[in-house]
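My notes follow the order in which I looked things up.

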Amino acid sequence: MEHALDITLTVNGAQVSRRVEPREHLIDFLRERLGLTGSHVGCEHGVCGACTVRVDGAIVRGCLMLAVQANGCRVETVEGLSDSKELARLQKAFHARNALQCGFCTPGMLLAAQDLILNSSKPSREEIRQHISGNYCRCTGYQAIVDAIEEVTQSEATGG
Ligand code: FES
Ligand code: FES
């Protein structure tokens, strides 16, 4: 590869080293090079949120970040957060409340929701809506998604 760069990062707890093109986006690196296709690619310009992943503890849009920018970082995807069971309660609530139809938005939605849970003790429905406003869903009308997130945030708040 011409002008390729070597990067080393941690992906879902495992150290990964690869040679990448400078213009390769993080989401393409994760999906195409590492086979982590749980995060989706929708708009490819930072609007839909389907490509949301976590980098050093903060959610980012994988289509707006270059793989080289993740050099030395800790990257977590929906696969890793599912395996660690961090998303288990949200996944259960989404399932129980029919908060997904085609499922295209769901991985990004789960990461955004989990980010809210980690950073807010008892968000209102309006705050939940605000927090997922960068994650588009074409199917559900959002009501069931907000219900599912609220169920988890309420039970987190009461320790239940
Ligand atoms: S694919 Fe990244 S925000 Fe839409
Ligand atoms: S469930 Fe289809 S886009 Fe959200």
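Which residue in E5 is the bridge partner of Val 55? I found Val 75. I note here that the model is predicted.

**Entry: E3 and E5.** I then looked at the two strands around that bridge. Strand E3 covers residues 52-55 and strand E5 covers residues 74-76. They run antiparallel, joined by 2 bridges.

**Entry: E3 and E4.** Next I followed E3 to E4. This pairing is antiparallel too and has 4 bridges. I checked Thr 52 and found Arg 61 as its bridge partner in E4. The two strands make a hairpin, with 2 residues between them. In that turn I read a positive phi of about 50° for Asp 56.

**Entry: E1 and E2.** How many bridges join E1 to E2? I counted 7, and the strands run antiparallel. Leu 9 has Val 16 as its bridge partner in E2. E1 and E2 also form a hairpin, again with 2 residues between the strands. Here Asn 12 takes the positive phi, near 50°.

Entry: I put the strands in order. The sheet is open and has 5 strands, which I wrote down as E2-E1-E5-E3-E4. Its pairing is mixed. At the edges I have E2 (14-20) and E4 (58-61), each of which pairs on one side only. From one strand to the next, the twist averages 40°.

**Entry: helices on the sheet.** Which strands does helix H1 lie across? I listed E1 (5-11), E2, E3 and E5. H1 spans residues 26-33 and runs at about 105° to E2. I turned to helix H4, residues 106-119, which packs on the sheet as well. H4 touches E3, E4 and E5. Its direction makes about 45° with that of E3.

**Entry: the largest pocket.** I looked up the space in the largest pocket and got about 150 Å³.

Conventions:
Residues are numbered from 1 along each chain as its sequence is written. Chains are lettered from A and ligands numbered from 1 in the order in which they are written. This is a predicted model: local features need pLDDT of at least 70, side-chain atom pairs count only at pLDDT 80 or more; totals for chains, interfaces and linings use all residues. Side-chain values use heavy atoms; hydrogens and water are left out. Two strands pair if DSSP finds at least two bridges between them. Axes are lines fitted to C-alpha atoms, for helices over the stretch in contact, and angles run from 0 to 180 degrees between N-to-C directions. Contact means heavy atoms within 4.5 Å. On a 1 Å grid over the protein atoms alone, a cavity is a set of points where a 1.4 Å probe fits but cannot get out, and a pocket is an open set with protein on both sides within 12 Å along at least five of seven lines; lining residues have an atom within 4 Å of a point. Grid points are joined across faces, edges and corners, and a volume is the space filled by probe spheres set on the points.
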